[in-house]
Amino acid sequence: MGERDDEAYLLKVAQAVVDGNPVDWDAERRRLEEELARLKELEALAAAHREAMRASLEPADDATECPPSPAPKT
Amino acid sequence: MASHDSGFDPGQAGALSQESTEALLQRLKSGDQRAQAVLVQRYLPQLRAWAHGRLPRSARDLFNTEDLVQDTFLRALMRLKSFVPETDGSFLAYLRQTLLNRIRDLIRKAGRTPGKEVLQDVYADRNPSPVEAAIGKETLESYDKAMATLSGQDQEAIMLRIEMGFSNEAIAQHLGCPSPNAARMTVARALVRLADAMGVSDGRAGR
């Protein structure tokens with residue numbers, strides 16, 4: 001993960017602590033949780049692309065393309 | 001690769017296959033058609049695999065993925081005069097964007113063509129692409145919007161690693177990073193910025 005990005009973010013919070021400014025810890029926690037949730041979405045997107053790439057290299061399975069059997073004549 | 005009308009001959013590619021993408025693009029712009037063969041050989045497989053993930057399943061009944069990718073690739077090469085690559089990665093990003101625009105355009109046009117149920121399926125999102133099926137339409141739209149707000153290098157880093165599965169070593173080559181580890185960090189930082197931008201585009205809080 002981007003250490004410098006994390007550091008910059010945490011530094012802002014730390015500066016508020018140093019300056020004696022109030023920190024809305026619940027809001028900060030929510031923000032981090034949302035950020036993690038988005039990274040999780042990106043993980044799913046990467047996995048989907050990997051799977052699609054793998055599938056594109058496999059030969060087509062003809063069995064899945066079979067048309068349904070014709071209805072019996074009455 | 002299937003035969004096509006670009007005059008591609010792998011035998012021609014040999015002498016130029018070690019050249020950088022930038023050098024090949026220069027050759028192509030000055031009329032050396034052998035460079036086209038090498039570029040096709042170098043990038044077509046990745047684009048084809050990428051399209052497999054982004055093309056709605058039912059759209060594959062309408063457009064042969066292979067033909068669509070190949071045709072888009074060759075059209076993009078014909079419009080090269082207006083494109084100046086900063087890195088090898090930016091050329092692939094250019095091809096990806098051209099293909100993404102083409103897919104969207106074809107689906108939009110298909111939606112206006114009456115009388116074909118399969119078209120209605122594509123347009124009504126009843127058969128989303130594999131990537132959309134995995135993460136959902138909203139998240140994919142948010143991703144695409146957020147990607148467009150990033151710098152060229154961030155976009156390329158994410159595209160190469162997340163969408164096309166390049167190794168860190170290959171990404172280092174494409175982006176001009178000094179080492180695979182530097183490329184890895186570049187991708188990770190770009191991902192953090194992308195996650196942040198997705199929050200902004202969704203109306204969720206960014207940093």
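Here are a few worked exercises on this two-chain predicted model.

Residues are numbered from 1 along each chain as its sequence is written, and chains are lettered from A in the order in which they are written. Local features need pLDDT of at least 70 and side-chain atom pairs count only at pLDDT 80 or more, while totals for chains, interfaces and linings use all residues; side-chain values use heavy atoms, with hydrogens and water left out.

**Exercise 1. Work out what the side of chain A that touches chain B is made of.**

Start with the contact, meaning heavy atoms within 4.5 Å. Chain A puts in 22 residues and chain B 32 residues. Next, take the buried area, which is the accessible area (1.4 Å probe) that two parts lose on being put together, summed over both. That comes to about 2,500 Å², with 65% of it on carbon and sulfur atoms. Now ask which elements of chain A give two or more residues: α1 (3–19) and α2 (25–57). Helices here are DSSP runs (H or I, at least four residues), numbered from the N terminus. The largest share, 16 residues, comes from α2(A). Sorted by class, that side of chain A has 11 nonpolar, three polar and eight charged residues. The classes go like this: Ala, Val, Leu, Ile, Met, Phe, Trp, Tyr, Cys and Pro are nonpolar, Asp, Glu, Lys and Arg are charged, and the others, Gly among them, are polar.

**Exercise 2. Find the buried face of helix α2 (residues 21–29) of chain B.**

First, the cut-offs: buried is under 20% relative accessible area, exposed over 50%, and partly exposed in between (1.4 Å probe, protein chains only). By that rule B:T21, B:L24, B:L25 and B:L28 are buried. Then look down the axis of α2(B): these residues fall within an arc of 100°, so they line one face of the helix. The arc is taken from the directions from the helix axis to the C-beta atoms.
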